[in-house]
Amino acid sequence: IAVTANASAFIRDSKPLFHYRKVPIFVRGGGDSTDDDDDDDGARRRELGSLLHKAQLAPSELLDDTNKDPLSLSLKRFLTQDKNAPLDLFMICNLQCLHTRYPAGPTPADKDSYMKLKNNFVREMDEHFSSAGEDMTSWDAADGNKNLIESCITLLGSDYLHSMFVMPNFRQQVVDNPFWKGLVKTALITHLGDDCPSFDEILLDDNLWTDTLLSCM
């Protein structure tokens with residue numbers, strides 16, 4: 001029970017995952033800006049753009065002020081309302097994968113589906129990480145998502161995962177669940193860097209999937 005609760009806490013604490021709630025569209029406005037504010041806004045935009053590029057997404061398209069796509073609006077929220085929220089690759093990948101599953105963004109009507117996917121992910125993660133020898137009970141919440149991503153990298157290169165029975169099943173779990181997609185995409189990009197193939201192509205190609213995971217061993 002402690003393991004599941006710990007894993008759940010890591011997922012629960014990632015605020016961008018809670019998009020089944022109605023999120024208003026925020027626009028920049030209010031008081032006059034100062035030069036320091038402008039510099040901070042520019043640095044924030046560059047930081048977000050760099051993470052989007054790392055996540056194999058198109059910064060110029062997603063951060064365009066005229067783009068009304070739900071994913072774009074969610075991302076630009078970090079340039080307006082949530083300007084002090086920390087940015088990281090895991091958050092970007094999760095947000096993108098959730099919006100791929102729910103093109104309009106998760107809504108209250110999607111809550112049951114959303115929670116089922118999330119609960120399945122935590123259950124499967126507990127099973128796979130434990131089988132790969134990862135001890136989630138030792139995780140320190142102060143480390144944020146660092147342990148989660150490192151444990152996923154270990155899983156992707158483990159002898160356990162590379163058995164003929166586990167790997168096909170795991171690939172289908174990743175394909176079916178945006179939480180797995182977000183984590184595995186983050187882990188692969190973190191581990192392989194610029195050598196990481198397109199994640200969308202990895203999921204569609206059995207051989208590329210196998211070859212990419214072999215590079216994690």
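R77 counts as buried, at 12% relative accessibility, where buried means under 20% relative accessible area, exposed over 50% and partly exposed in between (1.4 Å probe, protein chains only). The model is a predicted one, in which local features need pLDDT of at least 70 and side-chain atom pairs count only at pLDDT 80 or more, while totals for chains, interfaces and linings use all residues. Residues are numbered from 1 along each chain as its sequence is written, and side-chain values use heavy atoms, with hydrogens and water left out.

**Salt bridges**

- A search of the whole structure finds six salt bridges, each being a side-chain nitrogen of Lys or Arg within 4 Å of a carboxyl oxygen of Asp or Glu.
- One of them joins R77 to D82, with the closest N and O atoms 2.3 Å apart, and D82 is itself buried at a relative accessible area of 19%.
- Another links R123 with E124 at 3.8 Å between the closest N and O atoms; R123 is partly exposed at 47%, whereas E124 is buried at 10%.
- K146 and E150 meet in a salt bridge of 3.1 Å, N to O, and both lie in helix α7, four residues apart, about one turn of the helix (helices are DSSP runs of H or I, at least four residues, numbered from the N terminus).

**Helix α11**

- The buried residues of α11 (residues 206-214) are W209, T212 and L213, and they cover an arc of only 95° around the axis, which puts them on the same side of α11; the arc is that of the directions from the helix axis to the C-beta atoms.
- These buried residues pack against α7, α8, α9 and α10, contact meaning heavy atoms within 4.5 Å.

Definitions and conventions. Helix = DSSP H or I, 4+ residues; strand = E, 2+ residues; numbered from the N terminus.
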